Amino acid sequence: VSYQALAERLRDSTSPVRVVGGRTKISWGGARADSFEEISTSGLDQILEHNEGDLTAVLQAGVPLAKAQETFAQANQMLALDPPDLGGATIGGVVAAGDSGPLRHRYGAARDLVLGVTVALPDGTVARAGGKVIKNVAGYDLAKLFAGSFGTLGAIVELAVRLHPMRPTASAEGHGADPDTVAHAAHALAHSQLEAQALDIAWRGGRGGVLVRFAGVEAEPQAQAARQALEQAGLAASVMEDDDAAWEAQRAAQRGDLVVRVSAVQTQLADVLRMTEELEGGMVGRAALGICWVSLPVEAGAAGVERLRRELAPSACVVLDAPDEVRAALDPWHVPDGSPALELMRRTKARFDPNGVCSPGVFVGGI
Amino acid sequence: MNEGAFLGELEQAVGTDHLVTHPHAKRTYESDGLLQYAVTPRAVVLPDSAEQVQRVVRLCHENEIPWVARGAGSGLSGGAVPHEEGVLVVLSRMRRILEVDLDNQRVVVEPGVTNLAVSQAVGPTHFYPPDPSSQIVCSIGGNVAENSGGAHCFKYGFTTNYVTGLDVVLPDGSLVTLGGKELDMPGYDLLGAFIGSEGTLGVATRITLRVVPKPESVRTLVAFFDSLEEAGEVVSEIVAAGIVAGAMEIMDKLSIEAAEGAVHAGYPTDAGAALVIELDGFEHECETGFREVQEICERGGATSVRVAGDEAERELIWKTRKAAFAAMGRLSPNYYVQDSVVPRTRLSHVLHRIGELSEEHGLRVANVFHAGDGNLHPLVLFDASVEGEAERAEELAGLIVKACVDEGGSITGEHGVGIDKKRYMPAQFSEPDLAAFQKLRCAFDPGGLANPGKLMPTPRLCGEIPGVYRQHPLEAAGLAERM
């Protein structure tokens, strides 16, 4: 598929169209996938550039993230974007859904790593914004607008991204059974001068922990220092010999049968842990960023989600994975109707997709 | 509404003392940091609150009068140059730090607060990383408008990576809150789209920033080389070694000469290039990396290396680097400053090309740049009193920008497009790209009253969606046509 042909298909379509990548997050958002005509990005599978010396790359939207990482790893580099991958998640899909993983602590989200974007628009044109250099303020930052837009403004067809060097890593972990102690330990590390690559918090089954990873030639001494800090904060702590499995588990716990993403702040972490325990769920979170994924038992249902929202108000609690009946019983996006920001979003949608062809109903406020 | 009535309403909105209408007084605001552009506005207002900003903007909206927001006026793209028919909204009175929430690593400020004041408010434990050279005077509101960078953004990122929330007065006078202290708020990332929009989408009246713990250790050196190419090669090797420097800055021979004349740091004025490298972070990591950097410099042909032994010596290195711009006046009565970016690996090639262009035009070009991220600041030196030299300088500056874009770069890395670089926009963006930008613009500012004539290369209008055709005032006046 050429970018232009895709744009023209969007322009000429008289029924709703959804552009899909690996379909690993297809159930997210506000509408069911089967009401759309689907266009797959699977033909857009080329890594167009890997500029090792510049630590940048240009990828087509349908490139599987795992495949891109394999390519970058050969040069000892990585795209510092590590969301959970159920298998075949594409770079375009990850960016469009605004998904992220533990590396976000140090390197930011998709919005922070995308240097430029090429989009096929419902007016039949193909437009680019940004560029492929790591510093660029020319024009509006449409890459940020499209990151996390769930395909409702047009289709991302190509992305330029910033890469980072892969460095030797070492991790430390600490665990305990008191939510306040665990949250306090995470807070201590978030405010320490140790430069963590990832700093996570987790809770399940009456106990929780803090997991912190360092990267660099002196990663090990930093992990040792972190272990001491965790102990001082009251956790049982150790330096981990092999940390890959622990981090994989953190990523995996962002997906499940009923998962709510909570936009909290650091000082709310203890409350999120307590609520998780009360609702007999599990959680992982980025301790310094305040973003938490709370996994509820399916039986908790919409009532469980509503309770979480009440107790953690005013933090936004967005439903990601969920059974259809839960999704139907509440607004998965948790955006109050009538807010000025929502009105501005509607106006933005109307300018880019006036006929409502691109994934209508999937996004906030029925956009 | 007649002129008197309009000014009367403005006066009611901000108070008698904060409306400026006298021609001499208005001239204070005719330029920003780029002095070659000067326009006297219809009126200047200095509001003290978001409510006052709203009242002013609503008045402009109701009367179809353009307006321009201005922070400290230190911008280098003419982005805050007034509109002659319009109102200039100066935010310098809104300089309160509203909240320091260190527990959540957030600071909430008004737009007129200076960049440096944010770091001062959260020190000594934390700091605010984006550090434009003008940080003593430049305002956070201006930083948001321009998505400002600075020497340390190679490691730490730009303004856009540190703003988590904004209150914005939209061009219809309404107030909208985008983001907050939290991340990943549901909905479009309008916050990300607003940052760097150069005052064309609205004006931020309340800004929430993320701050981070201050690094444990900072090590700084300056290495001297015979040529720019050698210095550039060393930068590439440091990056290839996986070392993430806090900053890597190169000054060429002319810049060294100018800065040395101003600061007297004792730099060798016969050196072809000076490379400033700063590493920060965990002490062990920093020390190990710093030793490696010193070895790479020596292997790379450094004629001498000066390591800052204490904070005073570090400050001297940075003072010399940051003085390079202002000190150009010692070498030349006038200069054009550019802000182009190239992929780092194309630096030597582009520098060589700039040398050729400089020779062809018979004009000197000094270079100070952020080498880590390939952001060049070529300064085209000229004497405006010599006939034809200003035009030649402008042409040369344009060719330099084109050379950078041809290498896959950008026309601006941190200064913004403003008035100064809008003519180069078509070199980087196609018509469909610009049309897509305009869609965003129209969502925020359908009347085109916020900072018109900036950023986009040509005036554009917004159609109604959906709805009936209505002639736009600019169209009626023959000043613009519908695309």
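Contact here means heavy atoms within 4.5 Å, and helices (H or I, at least four residues) and strands (E, at least two) are DSSP runs numbered from the N terminus. The structure is a predicted model, in which local features need pLDDT of at least 70 and side-chain atom pairs count only at pLDDT 80 or more, while totals for chains, interfaces and linings use all residues. Residues are numbered from 1 along each chain as its sequence is written, chains are lettered from A in the order in which they are written, and side-chain values use heavy atoms, with hydrogens and water left out.

In chain B, Ser255(B), Ala259(B) and Val263(B) of H9(B) touch Leu316(B), Lys319(B), Thr320(B), Ala323(B) and Ala324(B) of H11(B). These residues comprise five nonpolar, two polar and one charged, where Ala, Val, Leu, Ile, Met, Phe, Trp, Tyr, Cys and Pro count as nonpolar, Asp, Glu, Lys and Arg as charged, and the others, Gly among them, as polar.

A cavity is a set of points on a 1 Å grid over the protein atoms alone where a 1.4 Å probe fits but cannot get out, and lining residues have an atom within 4 Å of a point; a volume is the space filled by probe spheres set on the points, which are joined across faces, edges and corners. The largest cavity has a volume of about 400 Å³. Of its 27 lining residues, Val19(A), Val20(A), Gly21(A), Gly93(A) and Ala96(A) are the closest to its centre. H3(A) supplies the largest share of this lining, four residues.

Definitions and conventions. On a 1 Å grid over the protein atoms alone, a cavity is a set of points where a 1.4 Å probe fits but cannot get out, and a pocket is an open set with protein on both sides within 12 Å along at least five of seven lines; lining residues have an atom within 4 Å of a point.
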